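I am opening a notebook on this structure. Each entry records what I looked up and what I found.

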Amino acid sequence: MSSTAVYPGTFDPITHGHTDVIARASRLFDRLVVAVVMRPNKSTQLDADQRLDLAQQICKPYSTVTVQAFDGLLVEFAQSMCAKAIVRGVRTAADFDYEAQMALINRGLASQLETVILPAAPETAQISSSLVREVARLGGDISAWVDSRVEAALMV
Ligand code: COA
């Protein structure tokens, strides 16, 4: 039976850190669904369509990866995709604490769904979407952390 995982996030914007997780998770599962939350519980710089469109462009080279919009409970979306796992990336101990808490909540909601936590690669562990946004806003060079299409979207 083929295995599916869901990799959810706000992706405001998608960074090389996210792409690293996508590439690695796509080797672990037969199918990976990158799930872009449309109405996150935080304000975003890029609107929902931009976040979705950039994620779609960047995931195009990965034949087993699809990108979908979602809203509502993550576990319900994952179940609707017949996923057996939720994938999340972590950079620091603080990330891990947050992810462990989310994993417990999601487990309480859907006990069959595992959370798979991938540690960030050393080359991407310093990247954060919020810092990328801030550097871009102040006119700094973000080309080491994001794809050129993301850079163009943030520079508008
Ligand atoms: N490398 C680099 N950066 C990474 C990374 C990695 N490997 N892994 C995570 N990040 C960073 C991102 O850059 C981003 O940085 P920022 O905090 O500075 O902005 C941060 O981690 C998190 O962003 P993102 O990966 O887009 O995810 P998120 O935390 O915004 O996503 C949801 C949260 C969408 C998964 C969560 O809110 C959710 O499930 N919502 C649906 C509603 C629901 O079911 N709620 C109950 C769940 S408990």
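**Entry: helix α6.** I started with helix α6, residues 148-155. I asked which of its residues are buried. They are Val150, Ala153 and Leu154. I took buried as under 20% relative accessible area, exposed as over 50% and partly exposed as in between, with a 1.4 Å probe and protein chains only. Seen down the axis of α6, these buried residues fall within an arc of 95°, so they line one face of the helix. The arc is that of the directions from the helix axis to the C-beta atoms. I then looked up their packing partners, and the buried residues of α6 pack against α2 and α5 (129-137). Contact here means heavy atoms within 4.5 Å. At the start of α6, I found a side-chain oxygen of Asp147 within 2.8 Å of the backbone nitrogen of Arg149.

**Entry: ground rules.** The model is predicted: local features need pLDDT of at least 70, side-chain atom pairs count only at pLDDT 80 or more, and totals for chains, interfaces and linings use all residues. Residues are numbered from 1 along each chain as its sequence is written, and side-chain values use heavy atoms, with hydrogens and water left out. Helices (H or I, at least four residues) and strands (E, at least two) are DSSP runs, numbered from the N terminus.

**Entry: the sheet.** In what order do the five strands of the open sheet run? I read β3-β2-β1-β4-β5, with parallel pairing. Two strands pair if DSSP finds at least two bridges between them. The edge strands are β3 and β5 (114-119), and each pairs on one side only. The twist averages 30° from one strand to the next. For angles, axes are lines fitted to C-alpha atoms, for helices over the stretch in contact, and values run from 0 to 180 degrees between N-to-C directions.

I next checked what packs on the sheet. Helix α1 does, touching β1, β2, β3, β4 (85-90) and β5. The direction of α1 makes about 125° with that of β5. Helix α4 (residues 93-109) also packs on the sheet, where it touches β4 and β5. The direction of α4 makes about 165° with that of β4.

**Entry: strand β2.** β1 (residues 4-9) pairs with β2 in the parallel sense over six bridges. Across them, Ala5 has Leu32 as its bridge partner, and Pro8 has Ala35. Six bridges also join β2 to the parallel strand β3 (residues 65-70). There, the partner of Val36 is Ala69.

I followed the chain through the crossovers. β1, α1 (residues 16-28) and β2 make a right-handed β-α-β unit. β2, α2 (residues 48-59) and β3 make a right-handed β-α-β unit too. Right-handed means that, with the strands pointing away from the viewer, the path from the first strand over the helix to the second runs clockwise.

Entry: Arg88 lies in strand β4. Is Arg88 buried or exposed? At 17% relative accessibility, it counts as buried. A polar contact (N or O atoms within 3.5 Å, one able to donate a hydrogen and the other to accept it; residues adjacent in sequence count only if both atoms are side-chain atoms) of 2.9 Å joins the side chains of Arg88 and Glu99.

Ala110 sits in the loop between α4 and β5. Its relative accessible area is 4%, so I noted Ala110 as buried. Beyond its neighbours within four places in sequence, Ala110 is in contact with Val75 and Gln79.
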